[in-house]
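Have a look at the model first, then read on.

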Amino acid sequence: MYENGYKKLQDSLIDVIAEEQAKLGYMKEPIRLYYPLSSLHHFFESEGDAEAMQESLGGFPEATKEIFGEVQVSHKGDRFCFFLSEHATEYVHEHRDENAFIFALVQLLTKHGTTLDEVKELFRSQTSECAMEPMDNGEFDLMIRFVDSEDPYYYCFKDEGCHIIYHRFLPEDYADFGF
């Protein structure tokens with residue numbers, strides 16, 4: 001249970017760091033990333049309170065030391081903080097080719113006048129098939145996800161007129177929102 005949960009959490013942390021680097025650029029520095037207890041429950045396929053999760057995460061720093069360097073895990077209530085050393089940001093920067101799609105997406109969305117049709121075309125240009133669903137919930141206009149791909153995320157887009165914003169969710173977190 002822990003090994004699989006640790007791997008899912010590690011992959012998620014790497015993806016979040018890559019996304020941040022795509023948006024803000026690379027800096028070799030420590031980083032703090034925050035997760036709600038509900039997301040961690042999805043990684044570990046578990047239930048329980050924050051104290052039980054803190055205990056479950058006890059071996060995570062050692063299990064990920066080679067990739068992240070020093071890791072500290074703490075929480076306040078149901079909000080968990082993962083403090084990762086500069087080794088983590090450097091690791092992701094050096095392996096950025098593995099996350100090329102997120103860099104292309106961020107680059108597209110930073111261009112003035114980008115349309116949802118251009119976003120759809122970027123997804124269609126990838127090697128994996130994608131599913132697209134219009135959304136009409138006030139939060140987002142379009143959800144796109146890859147089918148049978150290593151990219152597990154549901155990408156949700158909102159056209160705000162002058163620019164497009166997005167958020168990506170793991171399938172379980174997406175389901176929690178009830179979109």
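The count of aromatic pairs comes to 18; rings of Phe, Tyr and Trp (its six-membered ring) pair if their centres lie within 6.5 Å, with planes under 30 degrees apart called stacked, over 60 edge-to-face and the rest tilted. One of them is Phe60 with Phe82, an edge-to-face pair at 6.0 Å centre to centre and 80 degrees between the planes. Phe60 sits in helix H4 (residues 60-63) and Phe82 in strand S3, so this pair ties together parts that are 22 residues apart in sequence. Helices (H or I, at least four residues) and strands (E, at least two) are DSSP runs, numbered from the N terminus.

A word on ground rules: this is a predicted model, so local features need pLDDT of at least 70 and side-chain atom pairs count only at pLDDT 80 or more, while totals for chains, interfaces and linings use all residues. Residues are numbered from 1 along each chain as its sequence is written, and side-chain values use heavy atoms, with hydrogens and water left out.

Now for the sheets. Strands pair if DSSP finds at least two bridges between them. An open, antiparallel sheet of 3 strands has the order S1-S3-S2. S1 and strand S2 (71-76) stand at its edges with a single partner strand each, so one side of each has no neighbour in the sheet. From one strand to the next, the twist averages 20 degrees. S2 and S3 (residues 79-84) run antiparallel and are joined by 6 bridges; Val71, for instance, has Leu84 in S3 as its bridge partner. Helix H1 lies across S1 and S3 at about 125 degrees to S1. Contact here means heavy atoms within 4.5 Å, and angles run from 0 to 180 degrees between N-to-C directions, with axes fitted to C-alpha atoms (for helices, over the stretch in contact).

Another open sheet has 4 strands in the order S4-S5-S6-S7, again with antiparallel pairing. S6 (residues 154-159) and S7 pair over 6 bridges, and Lys158 has Ile165 in S7 as its bridge partner.

| Helix | Strands it lies across | Angle |
|---|---|---|
| H7 | S5 (142-146), S6, S7 | about 155 degrees to S7 |
| H8 (residues 116-124) | S4, S5, S6, S7 | about 10 degrees to S5 |

Which space is left over? On a 1 Å grid over the protein atoms alone, a pocket is an open set of points where a 1.4 Å probe fits, with protein on both sides within 12 Å along at least five of seven lines, and lining residues have an atom within 4 Å of a point. The largest pocket holds about 820 Å³ of space. It is lined by 30 residues, and the closest to its centre are Asp15, Glu150, Asp151, Pro152 and Tyr153. Helix H1 (2-24), helix H2 (37-44) and helix H7 (100-110) each give two or more residues to this lining, and H1 gives the most, with 8.

The second largest pocket has a volume of about 570 Å³. Of its 23 lining residues, Val16, Tyr34, Tyr35, His167 and Arg168 are the closest to the centre. H1 gives the most to this lining too, with 7 residues.

Note on methods: Points joined across faces, edges and corners; volume = space filled by probe spheres on them.
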